[in-house]
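Take them in any order you like.

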Amino acid sequence: MHDLIRIYADERGNAMSNEDQRHQAQERLLFFYLATAEQAIAELGHESFTAPEHRSDEVKWLQEEYSNLVATAVIPHELSAAMSLTLGQFFHLYRYFDDWIRVAVSGLDFIRQHKTALSEGWAMNNLALAYHHNRDFSRAITVSQEAVEFFRSRHDQRGEAASLNTYGMACRESERIADAVEASRQTYELFRKLDDHQHLSGALGNYAAALELDMHGLQEALAMHREAVRMAQESGDPRNLAALKNLYGTALLKAGRFQEAEIEHRHALDFYCSTGDKHGEAAAWGSLGNALHAMGRIDEAINAYREDVDISIEGSDIHALGQAWLNLARALDRADKLSEATAAYQDAIRSFTSTGDDENRIAALESLGFMLLCADRAGEAIDYYYKAAELCRTSNNADLLLSILHILCIALIDENRFNEAREVDNEVRRIRSL
């Protein structure tokens, strides 16, 4: 009955749309939402991390009108397509990645179908960024490549630099080292050619982060990180400086310079706290925990990781939360706190499952299985190794699958489960014969 009423109402409404000037009213509504959202987004850059009670009315409006903004942004209309580009920063800051993708896809589809004055290239880069932050790096790479080609064909160097930056970051996360380095180099060169000081230090930091993926490029990367930090200090943007110091600290950690890494991460943490950037603060706590863990200061590392977990939970940052739980679990494991480590590993697995992050989910399952195996709890460990192996099969990760199956086979033999061990060994032989 409800469906019949809805269909009847829709038919009557469409029949009378000219008479009641519905399209004009819709356009006025869309224009209001777009204009107000643009004003609020401008305020958001200054107030996004302040406590709710201290935010301006414009920023509060974004949260209060959130469901209406999303509904408005997916209407097939040019103003809605413009809204899809406007809301990207808001979606990113509040970790609304699923809605960001939905809105970005809708906006790009409309722009492509109707050939509007809006830039298809910027709509593609918006979608690529949404995919990237949702850790769907394969799609981010594909869409950002299309954006790069779009801007190049139109000799739009600013758009090319922005989309190359997105492409380079996605390649870096996918460990496509050569592609990440080249894209980041081109991004930096374009921003330097454009004399864009606002983005130049960040581009250099990303270039350095790509170089350090190859240990042979680590020393060069460290020098570039130092220069990026210097440039950010001159520009006076504390949030950018915090991000670059955190990147520099991570590079120092890779170089085995743990105490210097700790200093940079503590500086980053201070800057993030001064700006109220809770997502950045969580990331800095996690990075600091890594440095402390590497130095064997396990209790301090555990405390840092707990801060990361708590802030990620408070900020509903599900993607960051999984890594925070995994880091905490490994530190608790090293401290021989088996019960707490098991619970943290399970929380990590749940977080990675909810976000569809199979790569890190495998890592958490494998780490939990190995910890239980070392604790003479092979029966429990076997269950986790089986789950990790199945995920490796579905993700076509043959090298990791072989490693997991090898340990699984040994565990099954220790438990006198010889038939299962034989089946696992046969699978290993089949994979190696391919």
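Predicted model: local features only at pLDDT ≥ 70, side-chain atom pairs only at ≥ 80, totals over all residues.

1. S351 sits in helix α19, residues 338–355. Leaving aside residues up to four places away in sequence, S351 touches I318, L321, G322 and W325.

2. Next, have a look at helix α20, residues 358–374. Buried residues in α20 include N360, I362, E366 and M371. What covers the buried residues of α20 includes α18 (318–334), α19, α21 (378–394) and α22 (398–414). After α20 comes D376, with a positive phi near 60°.

3. On to the rings: the structure holds 14 aromatic pairs. One of them joins F32 and Y33 edge-to-face, at 5.5 Å centre to centre and 65° between the planes. F32 is partly exposed at 44% relative accessible area, whereas Y33 is buried at 9%.

4. W122 and F151 also pair edge-to-face, with 5.1 Å between centres and 65° between planes. This pair links distant parts of the chain, 29 residues apart: W122 belongs to helix α8 (residues 120–133) and F151 to helix α9 (residues 137–153). W122 counts as partly exposed at 35% relative accessibility, while F151 is buried at 1%.

5. Two last stops for your tour. Y66, F90, F91, Y94 and Y96 are linked into a cluster by ring pairs. R154 lies over the face of F150, 3.7 Å from the ring centre.

Key
Residues numbered from 1 in each chain as written. Heavy atoms only, no water. Helix = DSSP H or I, 4+ residues; strand = E, 2+ residues; numbered from the N terminus. Contact = heavy atoms within 4.5 Å. Expected span 1.5 Å × (residues − 1). Buried < 20%, exposed > 50% of the residue type's maximum accessible area, 1.4 Å probe, protein only. Phe/Tyr/Trp six-rings, centres within 6.5 Å; stacked < 30°, edge-to-face > 60°. Lys NZ or Arg CZ within 6 Å of the ring centre and 35° of its normal.
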